[in-house]
Structures are given as C-alpha cells and as structure tokens.
Amino acid sequence: MSHSEIGLIGLGTMGSALALNIAEKGFDIVVFNRTTSITHAFAKSAGVLADRISPTDSLADFVAAIKVPRIVILMVPAGDPVDEQIAALAELIGPDDLIIDAGNGNFHDTNRRMRSIMSPFLGIGVSGGEEGARNGPAIMGGGPNAHWERAAHILTAISAKFGDIACADWMGEEGAGHFVKAAHNGIEYADMQLIAESYGLMRDGLGMDAAQIADVFLEWNKGPLKSYLVEISGKVASVVDEATNAPLLDVIVDAAGQKGTGRWTAIEAQHLAAPIPVIEAAVVARNLSARRDERAEMEKLFGTGPKAINPDDLPLAVMEQAMICGKILCYDQGFRMIRAASDQFDWNLQSPAIARVWREGCIIRSAMLDDMASAFTEDPQRSLMAAPFFSAQIAKTHDALRKVVATAAMHGIAVPAHAAALAYFDAMRTARGTANMIQGQRDFFGLHGFARLDDGTTGNHGPWAN
Ligand code: NDP
C-alpha cells in the first residue's frame, strides 16, 4: 500500500477546503471525519483531485495510511474536540509523528498542549475563511521551529502568495501562531466595525440607500482603503433581496455573531496591559448589537436623536480619511499588543513577518498591510504611529477623524471604533497626561505613593498621609 504524505481530520467547512487545496498542490492526503458519511461524500465530490485523496473510516486506518514520520492536521472546533482527537491519536501514532492543530485554538491551550503532549505538536492559525482554505489562506505557525520546517513545504505550497512570496511563516514558539491569529481576528473585528460605522453614518446621517453606499465602498476600494473587507462590504450593500426586492442589507438582522476570538484578544490585551481600544470597542459593539430588544426599548424611551446630517457638514472624502486614520491607529495598537505578548512570553515575534503574512489570503488583507510590512522592515522596533510613512498619513487624516467623531456625536450616531481611535490618538500625543490626578487620588485613599516630576523620587505622599 502506498502511503500519503499527510493526513487531515475534520472535513467541515475549513477541513474539506484545505484537503482539496493540499491535494491540488500535488500532495497525496488521507482524510478522516467523525461522521463517516461525510468522508465519503467529500471524496466523491473531489472530482479530478479524488486520485490524491484517500478516505478512511477509522482512525486506525487513517494513521496506517500516512507516511512515517506522520504529519496529521486537525481541523476540528477549538477546545475539547482538539484534546479528544489528540488523545485518540496518541494510542496509534509514533513518537516522531507531528500533530498540527489548524483550528482557532486559544493560544493558552496550545501552550498547555505543547508542554503536555508526547508527540511533536504545532498550533497554526489559518485565515481566509472557506475560500482562503481552498485557494490559499494566510498561515501563522507556532511551536518548535524544527516541527514547522517538517511541514513548511506543504504549508507554504497551499498558502496564499503575495507576488511569489508565500503568506505562510513560522511566528514563534509555543502558541505564538494561534496568538497572532487571534490578534488578526481582533483586528478583523475592528476593521469590520469601522466599515459598519461608516455605513451607519451614510445610512442614518446622510440618508443614503444601500446601492449608493455600495458605490462609495467600491470607490474607496480603489484608494488607500483597498482591502478585502471594504470590497465585500460594497458587494454586500449592492445585493437586492429576491424575496422582498429590497436591498439585502435592509432585511438582515442587526445583531452580529461572534465565535470568541475577538473577545480573547480583548481579554488577553487586558492581561498584557496592552491598550487596544479600537478592537475592544468593536467587541463591545458586537455585544451591544445582540441586545436588540433592550435597544428598541431605549429608543422608545429616549428617541433616536437628531440623526440627519447635512452632506456639506460631512463630505464622503472626510469619512474616507477618517477611516484611514482609524485603521492605522487600530493596527498600531494591534502590533504594539503583539510586541507586548512577544516580550511577555519570550517569543521574539517579528512584526515585518506578521505584516507580510497578512498581505494576502487572510480576511484583513489590504494594500495598507504591504506598506506596514515595508515600515516594519525599515525598523521592526518602531511603532506604526512613528513610522514616517504612517505618521505622515495620520498627520493628514486626524482632523477628518475628529470631524467624523464630533459630527456623529452631535447627531446621535454611535461610532465607537472611530471614537476610540481618536481618543487613543489624543492620549498618545499628550506628553503631560492626567494620571497625576489618579496618583494623587490613589495616595489619598490608599497611601500608594507617587513619583515627583521635580526630583524624580518615588514613594512620596501628600499631606493627607500625616
Ligand atoms: P465545521 O463546523 O464546519 O466543521 C467541524 C469539523 O469538526 C467537522 O468535520 C466535524 O465532524 C468535526 N468535529 C466536530 N466536533 C468534533 C469532535 N468532538 N470530535 C471530532 N471531530 C469533530 O467547522 P469549521 O471547518 O468552520 O472550523 C474548524 C476550525 O477552523 C475551528 O477551530 C474554526 O474556529 C477554525 N476556523 C474556521 C474558519 C471559518 O471561516 N469557518 C476560519 C478560520 C478558522 P462531523 O462532520 O462529524 O460533525
């Protein structure tokens, strides 16, 4: 019996697309799924790729069909299913066989598995949804570099390409790959929220219909905001619902779903004391969106506010500039958080490599990420805000961000991600902040002590301590 180069467990949305991608790139692959009928349906539907795909009905057959030392990809839901599959595989595989968790694992779980599993183990983040998995995702690897090297020829072959550069790379030890993927998803939440807020300003403030809004997004997609998310937002806004003949957007319920990776990012940022207010605002906005009944009740109580904005007061070009500024500030926060995690966990994460991997294949892919990769390549330690290319852009656009936030506030339209970006910008460019008052308060009620500006001494107290 000939043995396949790699095996994959979990033929759901992502696993089946990834298996076809692997087969298409010329690798023989064995597949296994908990529900056997799905395995066979998948193999049947593989068309010309079926020759490279071996469906198996038991885990023992699956393991036996992979070339030793084996490489096994898990594409099952994060959490217990991953632990269960690892436990089941442990009975059957050899000491050199490599298990790769390619789902959205929580990096703390990946760290734990890295320490507790006897087999070689990698945690990789795969981004790009089903389409990406099928035709080329962005791949963020974590775990021992030697293990990454064993699978790198397959992972780079199946990944998206920016020019001829593979958007797959080793990020660092332990759960670094899953951490970078979570940060990616947090940024994805923020990018989506900034777009949704612009949509809200156009719909509720400027009274534009979905088709007009679609045109704006498609226009913005030709400029600095060129990105997958702006592009698909234009496409979503342009669709007419067949059942009602109304714009599809107008019949979609305004409650956003989430699987938790944005929330993980926000929680982790708090643990790291790394401020990511734009991402946090986006997570909060999704949570608020789910409270539809309460929002309807409050609207009855307070009314909707003076929503209509005179188009002369908020030109579309100003909104575009504001989004550019908000986006740069959001990524500044995201990359600073990644650096904080790198220091905390001793991962030596490389900002240029991360920006390069995100340029294609993943949901946040955008023209701006190429500029970010260049900025970090010039100086990996410098923040985006301080990089000349981006500081010039911020200097050009922060007035527009202020205009959007102020106008939205005056017209009762919530733009929490824009507002968070503006507050971050104003806080970051204020050398003398207001935490001296906080320190005074803390010393007053808790004798926590404060540092003095004049002589640099610490542990000082105010007269209330006497
Ligand atoms: P699906 O729900 O489409 O598929 C899940 C797969 O896992 C199915 O094959 C299912 O088998 C199997 N499975 C579920 N529970 C168990 C279990 N307890 N033991 C063994 N197998 C199990 O999920 P996705 O393909 O969407 O997601 C897979 C992973 O990829 C997740 O971690 C997800 O977060 C991540 N991901 C998803 C993306 C997306 O866009 N969908 C994007 C990036 C990452 P069965 O057929 O028997 O139910």
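This is a predicted model: local features need pLDDT of at least 70, side-chain atom pairs count only at pLDDT 80 or more; totals for chains, interfaces and linings use all residues.
**Exercise 1. Count the salt bridges across the interface of domain 1 and domain 2, then the residue pairs in polar contact.**

Solution. 
Step 1. Look for a side-chain nitrogen of Lys or Arg within 4 Å of a carboxyl oxygen of Asp or Glu. Between domain 1 and domain 2, this search finds zero salt bridges.
Step 2. Turn to polar contacts. Four residue pairs qualify across the interface of domain 1 and domain 2, with both residues at pLDDT 80 or more.

**Exercise 2. Find which helices and strands build the side of domain 1 that touches domain 2, and sort its residues by type.**

Solution. 
Step 1. Keep the elements that supply at least two residues each. They are helix 5 (107-116), helix 6 (129-135), strand 7 (138-142), strand 8 (161-162) and strand 10 (168-172).
Step 2. Pick the top contributor. Strand 10 gives the most, with four residues.
Step 3. Sort the residues on this side of domain 1. Eleven are nonpolar, eleven are polar and four are charged.

**Exercise 3. Describe the extent of the interface of domain 1 and domain 2 by domain bounds, contacts and buried area.**

Solution. 
Step 1. Domain 1 covers 6-173 and domain 2 covers 182-428; domain 3 (435-465) is left aside here.
Step 2. List the contacts. Domain 1 brings 26 residues, and domain 2 brings 21.
Step 3. Take the buried area. About 1,700 Å² is buried between domain 1 and domain 2, with 67% from carbon and sulfur atoms.
Step 4. Assign the leading share. Phe-107, Phe-162 and Met-171 account for 31% of what domain 1 buries against domain 2, more than any other three residues.

How values were computed
Residues are numbered from 1 along each chain as its sequence is written. Side-chain values use heavy atoms; hydrogens and water are left out. Domain bounds come from an automatic or database domain assignment. Contact means heavy atoms within 4.5 Å. Buried area is the accessible area (1.4 Å probe) that two parts lose on being put together, summed over both. A polar contact is a pair of N or O atoms within 3.5 Å; within protein, one must be able to donate a hydrogen and the other to accept it, and residues adjacent in sequence count only if both atoms are side-chain atoms. Ala, Val, Leu, Ile, Met, Phe, Trp, Tyr, Cys and Pro count as nonpolar, Asp, Glu, Lys and Arg as charged, and the others, Gly among them, as polar.
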